[in-house]
2 protein chains.
Amino acid sequence: MGAKPGPKRRSGCPVSISLDIFGDRWSLLIIRDLMVRGFRTFREFERGGEGIASNILADRLQRLETAGIIRPESDKDDRRRVNYRLTEKGIDLAPVLLDLLIWGSRHGEADAPCEIIEEMAESREQVLAEVRRRWEHRDPNPLLPWLSGSAEGSRSQRKKRK
Amino acid sequence: MGAKPGPKRRSGCPVSISLDIFGDRWSLLIIRDLMVRGFRTFREFERGGEGIASNILADRLQRLETAGIIRPESDKDDRRRVNYRLTEKGIDLAPVLLDLLIWGSRHGEADAPCEIIEEMAESREQVLAEVRRRWEHRDPNPLLPWLSGSAEGSRSQRKKRK
DNA sequence: AGCAATGACTTGCGATTTGCAAGTCATCTT
DNA sequence: AAGATGACTTGCAAATCGCAAGTCATTGCT
């Protein structure tokens, strides 16, 4: 019943604590998918992602849940399905994800449209507010449609308010 | 002799690319130490950190160098010594580090003074500007003295300009 | 000059963690 | 009733990690 010790804390530094929780190659991708791609289920993470193995996925979901970053809720309409959702602690990672996105876009050869991301960088606060708003309203629409595998589905959510 | 392939890229998503480079439990701590603790040498990372093994440290330094995030320069006064420095690509990770710091401070039970970090969160742009300024001027003074093992050494760098 | 110290890494190696592939087991669907 | 689905386990082989110890050029000390 007690929370598992998890990765042992190395120091009291907040950065170190953060990394003890999601300092690996998968956790933040899962959080990204929850935050901006509208993913909810095990299956979606397994397929839509970049090829995470199911055992690793299960492990990461468990860790993130233990850390209080996500919470599973069983679907009422289909009881096989488990819908994962970010907690407030989880949605608070939005700034980190946004900065990773910006950095990766500027410095890695990403095949994502850099201009759009630069726009997001300029209107940082608005983007973050929008992410949070969607989370509060349980809006399942992906914020970054071009990040989703299928580019179709929703358009016209550019928000330029310089 | 050739650069190692490194972790193979999983997708074109900028976030994924970022995590392929420093998505582990140590890389960002090294970058943090370079950025705000004024660390420069292998020895400092090895000791001042939270107990990274020397082989892992060597590996991470190599990876970060290959990724163009840090650059080693041999010390002119002591030729045994190698001084590592962040590249521009590396200093651009400051926003990520700052957000990790803020998140960890708010949500993990860090033993760092939260008020100070909240102040930093409020004056985000100034803090980032200061970090960059110090980097440009090669100012070796730690930005976050309370993060360093010994609390002494430099004071009076609170910058409140609301 | 001679010799111990220092700094930056390697090497060995057992303990974990990853990454497949396959299997389990409750729900749905038809 | 029989076959999908969804969410996970299990079993390993392979890659990493972490710890202790060892290299090997400088440097410092006497």
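Which element gives the most to the surface near DNA strand D? The numbered points below return to this after a few remarks on the fold and the pairing of the chains.

1. The model is predicted. Chain A contains 8 helices and 2 strands. Read from the N terminus, its elements follow the order α-α-α-α-β-β-α-α-α-α. Of the 162 residues in chain A, 38% are buried. Taking contacts in chain A between residues at least 6 apart in sequence, 50% link residues at least 24 apart.

2. Relation of the two protein chains. In general, two copies of a chain are related by a rotation about an axis and a shift along it. The same surface serves both copies, as 100% of the contact residues of chain B recur in chain A.

3. Extent of the chain-chain contact. Chain A and chain B contribute 38 residues each to the contact. On the side of chain B that touches chain A, the elements giving two or more residues are α1, α2 (27-36) and α6 (94-107) of chain B. α6(B) gives the most to this side, with 11 residues. By class, the side of chain B that touches chain A has 17 nonpolar, 10 polar and 11 charged residues.

4. One helix pair across the contact. Two packed helices are described by the angle between their axes and the distance between the axes. For helix α6 (residues 94-107) of chain A and helix α1 (residues 14-22) of chain B, the angle is about 85 degrees and the axes are 7 Å apart. Angles of 65 to 115 degrees count as roughly perpendicular, so α6(A) and α1(B) are roughly perpendicular to each other. The residues of α6(A) that take part are A:L97, A:L100, A:L101, A:W103, A:G104 and A:S105, and they meet B:P14, B:V15, B:I17 and B:S18 of α1(B). The contact of α6(A) with α1(B) has 7 nonpolar residues, 3 polar and no charged.

5. Surface near DNA strand D. Two or more residues come from each of α3 (42-48) and α4 (54-66) of chain A and α4 (54-66) of chain B. As for the opening question, α4(B) gives the most to the surface near DNA strand D, with 4 residues. This surface has 8 charged, 6 polar and 6 nonpolar residues.

6. Surface near DNA strand C. Around DNA strand C there are 19 residues, and the closest are A:R79, B:T41, B:F42, B:R43 and B:N55. At least two residues each are supplied by α4 of chain A and by α3 (42-48) and α4 of chain B. The surface near DNA strand C divides into 7 charged, 6 polar and 6 nonpolar residues.

7. Is A:E88 buried or exposed? With 12 other C-beta atoms within 10 Å, A:E88 is exposed, because a residue with 12 or fewer counts as exposed. A:E88 lies 67 residues from A:I21 in sequence, and their C-alpha atoms are 16 Å apart in space.

Technical notes: Residues numbered from 1 in each chain as written. Chains lettered and ligands numbered in written order. Predicted model: local features only at pLDDT ≥ 70, side-chain atom pairs only at ≥ 80, totals over all residues. Contact = placed C-beta atoms within 7 Å. Nonpolar A, V, L, I, M, F, W, Y, C, P; charged D, E, K, R; others polar. Buried ≥ 20, exposed ≤ 12 C-beta atoms within 10 Å, placed from the backbone. Axes fitted to C-alpha atoms, helices over the stretch in contact; angles between N-to-C directions. Parallel < 35°, antiparallel > 145°, perpendicular 65-115°, else oblique. Near = placed C-beta within 6 Å.
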